[in-house]
Amino acid sequence: MLIDTHCHLFMDPLYSNVEGVLTRALQNGVRGMVVPSVEVGSWEKVRELADNKMVFPALGLHPWYADEKLDIGMLEKLLIETDSVAIGEIGLDFKIENPIKTVQITVFRTQLDLAAELDLPVILHCRGAFDEMLSILSEKEYDGRIKGVIHAFTRGPQLAKRFLELGFYLAFGGGVTRPRAKRARKSAANVPLNRILLETDAPSIGMDGIEPERVEPADVAKVAKSLALLRGVSFEEVAVNTTSNARKLFGIAQ
Ligand SMILES: [Zn+2]
């Protein structure tokens, strides 16, 4: 069995076909999925989707929406009410100009503080801000107090090593299914299997031969297959290990 640790079921076309999406996931051995929110407006949708027992919610404010008013008390209340498995997705994206860096950093830190307080893992989004992010996570108040995953990891083994040293998991997705994604594939082949998670990021990232909007949680099986090929191990070994990692990080019992 597999767990898709990152998919946005509240986005279309997934949202308008949830039943079919979940059925196809089950048919492909996917027994659970972590659904991280993005903007404040998605929190309620994630809460609603979490009525399904295959869905494990994560609530947080994505850096693209760091300009929205973050009511940290409300976030805390909803995280508890929904039995969320993580705060996410949160992070830094310096490839965009707005929201500006300082706003993103403030919102990121506020949510890291809450994660430490509630002892919840974080789901991290990072683009063009790896040095900044690693330096924040290495600060005394966070190092050893924050656990989590860096999602959609496509960078090389050197950067992977820095996240591993901080105790983080790395989630690989559609990127590693593409033969030309040499850098990501090198990391996927070398990171210890007990620190790897699988994800689709559906419907935001494509796979080899599949457009992003056609990717579903069921396709996480294709990521597992690519990983098995890259590492020269069986599909089963990848499935067993990554599922056990996801259970451990997110405290998923079933
Ligand atoms: Zn995402």
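## Cis peptide bonds

Pro99 is found in the loop between β4 and α4; helices (H or I, at least four residues) and strands (E, at least two) are DSSP runs, numbered from the N terminus. The peptide bond from Asn98 to Pro99 is cis, and its omega is near -5 degrees. A cis peptide bond also joins Gly88 and Glu89, where omega is about 0 degrees. Glu89 has its place in strand β4, residues 86-93.

This is a predicted model, in which local features need pLDDT of at least 70 and side-chain atom pairs count only at pLDDT 80 or more, while totals for chains, interfaces and linings use all residues. Residues are numbered from 1 along each chain as its sequence is written, and side-chain values use heavy atoms, with hydrogens and water left out.

## The sheet

Eight strands form an open sheet with parallel pairing, in the order β1-β2-β3-β4-β5-β6-β7-β8. Two strands pair if DSSP finds at least two bridges between them. At the edges stand β1 and β8 (196-198), each with a single partner strand, so one side of each has no neighbour in the sheet. On average, neighbouring strands of this sheet are turned by 30 degrees against each other, direction ignored. Axes are lines fitted to C-alpha atoms, for helices over the stretch in contact, and angles run from 0 to 180 degrees between N-to-C directions.

Helix α4 packs on the sheet, where it touches β4 and β5, and its direction makes about 155 degrees with that of β4. Contact means heavy atoms within 4.5 Å. Helix α8 (residues 220-231) packs on the sheet as well, touching β1, β2, β7 (169-172) and β8; the direction of α8 makes about 145 degrees with that of β8.

## Strand pairs and burial

Strand β1 (residues 2-4) runs parallel to β2, and three bridges join them. The bridge partner of Leu2 in β2 is Val30. Of the seven residues of strand β2 (residues 30-36), six are buried, so β2 is largely enclosed by the rest of the structure. Buried means under 20% relative accessible area, exposed over 50%, and partly exposed in between (1.4 Å probe, protein chains only).

Strand β4 is mostly covered, as eight of its eight residues are buried. β3 pairs with β4 in the parallel sense over two bridges. In β4, Leu59 has Ile87 as its bridge partner, and Ala58 stands opposite Ala86. Six bridges join β4 to strand β5 (residues 122-127), and these two strands run parallel. Ile87 stands opposite Val122 in β5.

## Helix α5 and its neighbours

Helix α5 (residues 130-137) and helix α6 (residues 157-165) have axes that come within 10 Å and cross at roughly 20 degrees. The two helices are therefore roughly parallel to each other (angles under 35 degrees count as roughly parallel, over 145 as roughly antiparallel, 65 to 115 as roughly perpendicular and the rest as oblique). α5 passes α6 in a left-handed crossing. A crossing is left-handed if the near helix is turned anticlockwise from the far one by less than a right angle, and right-handed if clockwise. Phe130, Asp131, Met133, Leu134 and Leu137 in α5 meet Leu159, Arg162 and Phe163 in α6. By class, this contact of α5 with α6 has six nonpolar, no polar and two charged residues (Ala, Val, Leu, Ile, Met, Phe, Trp, Tyr, Cys and Pro count as nonpolar, Asp, Glu, Lys and Arg as charged, and the others, Gly among them, as polar).

The axes of helix α4 (residues 101-118) and α5 come within 12 Å and cross at roughly 35 degrees. This crossing of α4 and α5 is right-handed. From α4, Ile105, Phe108, Arg109 and Leu112 meet Glu132, Met133, Ile136 and Leu137 of α5. The residues of the contact of α4 with α5 divide into six nonpolar, no polar and two charged.

## Loop residues

Asp83 is found in the loop between α3 (72-81) and β4. Asp83 has a positive phi of about 55 degrees although it is not a glycine, and at 62% relative accessibility Asp83 counts as exposed. Ala152 is in the loop between β6 (148-150) and α6. Phi of Ala152 is near 50 degrees, a positive value in a residue other than glycine. With a relative accessible area of 22%, Ala152 is partly exposed.

Ala50 lies in the loop between α2 (43-49) and β3 (55-59) and is partly exposed at a relative accessible area of 21%. Leaving aside its neighbours within four places in sequence, Ala50 is in contact with Val55 and Pro57. Ala50 and Thr82 are 32 residues apart in sequence and 7.5 Å apart in space, C-alpha to C-alpha.
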